[in-house]
Amino acid sequence: MYFIAGVDIGGTAIKVGIFKSSDLELLSTFSIETPKKDPQGLDIFEDIIKGLKTHFSELNFEFKDLIGISLAVPCPVVEGYVTLAANLPWKNINVVNEMKKRLSNENILVCAINDANAAVMGENFLLDTPAKNLVFFTLGTSIGGGIIVNSQLLEGVHGYSGEFAHMIVDYRDKKVCGCGQKGCLEHKCSTAAVLEYAKELVEIKKMPSILDFKNLTVRGIFDNVSIDKVSKKVFDRYCKYLAICAANIALIIDPEIFIIGGGISHAGDPLIKNIKKYYNKYARFNSKSIPFVLAKRRNQAGIFGTVCYLKQFLG
Ligand SMILES: [Zn+2]
């Protein structure tokens, strides 16, 4: 039996899944803290290999039977090359080469994929019937995502296909985004934007609210939608702009399905229903019939997707 490892590298933790290479059955998982000692972030590769070797020996697996390692990284990546990573110290580094350098077995295939793209492949793999065309949103601190067209992941020439946060959804918006533009989805649906809007409603528009502004979270707001008018207004604006983005994407991709994942998708069915309500308002032609569903494996989609990506190269 041969194995492949899916490694999802985040700013605080690295999640690893060991899969059977033949059918991508998940055999075991472990996670390690993301090391932070090396200012260049090269200790990340060393700790992953160390963790893999320890885990293999605990499972009585032979490390020589590991034939592939696929890295999901939290930044754009093109053929292993990362220019800059927001939550890691990597700068102008080829993560595939750095990993390979540290492996004694040169036959291990190493590849790297953006983590949101890995998640879209993982979620598609986990559908009862994988879709040929789908759009995946990750709703978290910012808005990310991924696109599959004709059963192929759309990575784009520069690696930022699916960066939905910077789609312009309100050209009248005066605030300048980190990307240099105005009116980005980021300024309506990022965690910072949501919290700021809630504050604005209470402090400037003087709307009464039961929200605790000392410990305010997006989840805290979305949990109070049925009993608090400010929460309802914030929730509606969030769903509306996300729906505008989805309706625009539908005109380009015409997908079979939209999948909603990321931490904020914990808001569950009410979130899906409200996005769909606004989506139906903005969608045109037959795109109104495209369903929205919640992601199935929010925590493991990355490791599943990254091995799906590697599997293409194994033949
Ligand atoms: Zn932007």
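1. Helices (H or I, at least four residues) and strands (E, at least two) are DSSP runs, numbered from the N terminus. By that rule, the protein chain has nine helices and 12 strands. This is a predicted model: local features need pLDDT of at least 70, side-chain atom pairs count only at pLDDT 80 or more, and totals for chains, interfaces and linings use all residues. Residues are numbered from 1 along each chain as its sequence is written, and side-chain values use heavy atoms, leaving out hydrogens and water.

2. Start with overall size. The C-alpha atoms of the protein chain fill a box of roughly 65 × 45 × 35 Å along the principal axes. The radius of gyration is taken over C-alpha atoms, and the globule rule is 2.2 Å times the number of residues to the power 0.38. For 315 residues, a compact globule would have a value near 20 Å; the protein chain has 21 Å, which agrees.

3. Next, the domains. The domain assignment gives domain 1 (3–114) and domain 2 (128–294); such bounds come from an automatic or database assignment. The C-alpha centres of domain 1 and domain 2 lie 30 Å apart.

4. Now the helix pairs. Two packed helices are described by the angle between their axes and the distance between the axes. Axes are lines fitted to C-alpha atoms, for helices over the stretch in contact, and angles run from 0 to 180 degrees between N-to-C directions. Angles under 35 degrees count as roughly parallel, over 145 as roughly antiparallel, 65 to 115 as roughly perpendicular and the rest as oblique.

5. How do helix H3 (residues 115–126) and helix H9 (residues 301–314) cross, and at what angle? Their axes come within 6 Å and cross at roughly 90 degrees. H3 and H9 are therefore roughly perpendicular to each other. Contact means heavy atoms within 4.5 Å. Residues of H3 including Met121 and Phe125 meet residues of H9 including Phe304 and Tyr309.

6. Helix H7 (residues 229–253) packs against helix H5 (residues 191–203) at about 140 degrees, with axes 10 Å apart. That makes H5 oblique to H7. The contact includes Tyr197 and Leu201 of H5, and Val234 and Tyr238 of H7.

7. H7 also meets helix H8 (residues 269–282): their axes come within 8 Å and cross at roughly 55 degrees. H7 and H8 are therefore oblique to each other. Among the contact residues are Tyr238 and Leu242 of H7, and Leu271 and Tyr278 of H8.
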